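Thanks, everyone, for making the time this morning.

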Amino acid sequence: EKSLKSQTESSVDNGPPLKEDPKYSKYFKMMKMGLPKEAAKHAMVRDELDPGILDLNPEKSLKSQTESSADDGPPLKNDPKYSKYFKMMKM
């Protein structure tokens, strides 16, 4: 359950997209050239990098996908401002 704030926050995309990041671009290029994802992941392990990076969105920066945002509000269905609408949906 997420709060309204966490659902409406626009994450600032800091840094280049993963596919253009100098550290990871060659692995995305490998896959673009037709190499299987598992082979590119193996190359990342060989180069001592986290192969899980290839499972992220290549159009967004690494920082925007790995930051955890603090969810400090109540779940949306428990928010006093919106709870009546959730009750209406149950009827």
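I will begin with the chain as a whole, then turn to one pair of helices and to the nonpolar core.

Please keep in mind throughout that this is a predicted model. The protein chain holds five helices and zero strands, so that, in the order read from the N terminus, its elements run α-α-α-α-α. Of the 91 residues, 21% are buried, and the accessible surface comes to about 6900 Å², with 54% of that area belonging to carbon and sulfur atoms. If we take the contacts with a separation of 6 or more, 58% of them link residues 24 or more positions apart.

Now to the helix pair. The axes of α2 and α3 come within 9 Å and cross at roughly 155°; since angles over 145 degrees count as roughly antiparallel, α2 and α3 are therefore roughly antiparallel to each other. The contact between them involves Tyr 27, Met 30 and Met 31 on the α2 side, and Lys 37, Ala 40, Ala 43 and Met 44 on the α3 side. As for handedness, α2 passes α3 in a right-handed crossing.

What, then, makes up the largest nonpolar core? It has 10 residues, namely Leu 18, Tyr 24, Tyr 27, Phe 28, Ala 40, Ala 43, Met 44, Leu 49, Ile 53 and Leu 54. Both α2, spanning 25-32, and α3, spanning 37-46, supply at least two residues of this core, and the largest share, three residues, comes from α3. Leaving aside residues up to four places away in sequence, Ala 40 touches Tyr 27, Met 30, Met 31, Leu 35 and Leu 54.

Methods: Residues numbered from 1 in each chain as written. Predicted model: local features only at pLDDT ≥ 70, side-chain atom pairs only at ≥ 80, totals over all residues. Heavy atoms only, no water. Core = buried A, V, L, I, M, F, W, Y, C linked by side-chain atoms within 4.5 Å. Buried < 20%, exposed > 50% of the residue type's maximum accessible area, 1.4 Å probe, protein only. Helix = DSSP H or I, 4+ residues; strand = E, 2+ residues; numbered from the N terminus. Contact = heavy atoms within 4.5 Å. Areas by Shrake-Rupley, 256 points an atom, 1.4 Å probe, with all protein chains shown as cover. Axes fitted to C-alpha atoms, helices over the stretch in contact; angles between N-to-C directions. Parallel < 35°, antiparallel > 145°, perpendicular 65-115°, else oblique. Left-handed = near helix turned anticlockwise from the far one by under 90°.
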